[in-house]
Amino acid sequence: MPTIRLNLLNCIWAIMMKDGLCEFRTRYAVSALFMFALTSLASISMSIGAASLPADLTAALLWVLLFFCAMAGLSRVFVQEEESGTIIALQIYGSGQAVLFGKLLFNIIMLLALTMLIIPLFIIFLNVDIYHWPIFIVALILGDIGIAAASTITAAMVAKTQGKNALFTVLTFPILLPQFLSSISATAKILMNVKPDISDILFMAAYNVVLMIASSILFDYLWYD
């Protein structure tokens, strides 16, 4: 049977659109992520009442919320391929790099969309003030890209295993920890009306690049295993 390869960029776009259409039909990940975020924010808000939390704790809560929202739905990009038996079709028509970055792009878009929904609710429920909005947005974008990159490669690693959900979280957290701590540090400074150091932002960006390069190298072994 001949192997058909699409242009790399076209293939990345096609895979991202395919995952988007599948998600639009089922709304599995969107529903799981949004409901987890909503119930978590409501629970935290009712627990603390009118009290105000320290900036570092508030920042940690935001990123813990985003992390566990990602854990609730982003693994589906590879798990659903294994469950539906469509993984072979991807191997025929797309290279490993195209599949990885197509899935990664979909996860980034999903997480950024979720963040846009969470931030207004986070501000309202926890009664926080956000300073330095441009830097805050940059920190959110870089943090989301890091979560999506770590989630995508670990989703590929656990797709064929038993106990996928538990393994997914256990493997993702150590990979993401340096990025996670930098995101919390930068967000805490913003909530205290202090501009984060440029080193925090540069570290987040550099870590994302290194993570994507490492994922790209590792994914070839997973994809052609």
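Leu104 is buried, its relative accessible area being 6%. This residue belongs to helix α6 of a predicted model in which the protein has nine helices and zero strands. Buried residues account for 44% of the 225 residues, and the largest nonpolar core holds 58 residues.

**Overall architecture**

- Along the sequence the pattern reads α-α-α-α-α-α-α-α-α.

**Confidence of the model**

- The average pLDDT of the protein is 82, and 90% of the residues score at least 70.
- Over residues 1-5 the pLDDT stays under 50; for this segment the model has ten contacts beyond four places in sequence.

**The nonpolar core**

- Within the core of 58 residues, Leu62, Trp63, Phe78 and Ile118 have the most contacts.
- At least two core residues come from each of α1 (8-26), α2 (28-48), α3, α4 (76-84), α6, α7 (133-158), α8 and α9 (198-223).
- Helix α6 gives the most to this core, supplying 13 residues.
- In soluble globular proteins, nonpolar side chains tend to be buried together.
- Phe78, one of the core residues with the most contacts, touches Val99, Lys103, Thr152, Ala155, Ala156, Ala159 and Phe219 when its neighbours within four places in sequence are left aside.

- Leu104 is in contact with Ala148, Ala149, Thr152 and Met212, not counting residues up to four places away in sequence.
- Leu104 and Thr152 are 48 residues apart along the chain, yet their C-alpha atoms are separated by 5.9 Å.
- Thr152 is also among the contacts of Phe78.
- Gln97 is likewise found in helix α6, which spans residues 96-126.
- Beyond its neighbours within four places in sequence, Gln97 contacts Leu8, Ser216 and Asp220.
- The side chains of Gln97 and Ser216 make a polar contact at 2.2 Å.
- Gln97 and Phe219 lie 122 residues apart in sequence, with a C-alpha to C-alpha distance of 7.7 Å.

**Thr154 in helix α7**

- Thr154 is located in helix α7 and counts as buried, because its relative accessibility is 0% and the cut-off for burial is under 20%.
- The side chain of Thr154 reaches the backbone oxygen of Ser151 at 3.2 Å.
- Apart from neighbours within four places in sequence, Thr154 is in contact with Phe168, Leu171, Thr172 and Ile175.

**Aromatic pairs**

- Six aromatic pairs are found in the whole structure.
- Phe67 and Phe173 form an edge-to-face pair, with 5.6 Å from centre to centre and 70° between the planes.
- Phe67 lies in helix α3 (residues 55-73) and Phe173 in helix α8 (residues 164-191), so this pair ties together parts that are 106 residues apart in sequence.
- Phe67 counts as buried at 2% relative accessibility, whereas Phe173 counts as partly exposed at 35%.
- One aromatic cluster is formed by Phe67, Phe68, Phe173 and Phe180.

**Positive phi in the loops**

- Most residues other than glycine have a negative phi.
- Asn127 has a positive phi of about 55° although it is not a glycine; this residue is found in the loop between α6 and α7.
- Asn127 is exposed, with a relative accessible area of 65%.
- Asn193 also has a positive phi, of about 65°, although it is not a glycine; its place is in the loop between α8 and α9.
- Asn193 counts as partly exposed at 43% relative accessibility.

Conventions. Residues are numbered from 1 along each chain as its sequence is written. This is a predicted model: local features need pLDDT of at least 70, side-chain atom pairs count only at pLDDT 80 or more; totals for chains, interfaces and linings use all residues. Side-chain values use heavy atoms; hydrogens and water are left out. Helices (H or I, at least four residues) and strands (E, at least two) are DSSP runs, numbered from the N terminus. Buried means under 20% relative accessible area, exposed over 50%, partly exposed in between (1.4 Å probe, protein chains only). Rings of Phe, Tyr and Trp (its six-membered ring) pair if their centres lie within 6.5 Å; planes under 30 degrees apart count as stacked, over 60 as edge-to-face and the rest as tilted. pLDDT is the predictor's confidence in each residue, from 0 to 100. Contact means heavy atoms within 4.5 Å. A polar contact is a pair of N or O atoms within 3.5 Å; within protein, one must be able to donate a hydrogen and the other to accept it, and residues adjacent in sequence count only if both atoms are side-chain atoms. A nonpolar core is a set of buried Ala, Val, Leu, Ile, Met, Phe, Trp, Tyr and Cys residues joined through side-chain atoms within 4.5 Å.
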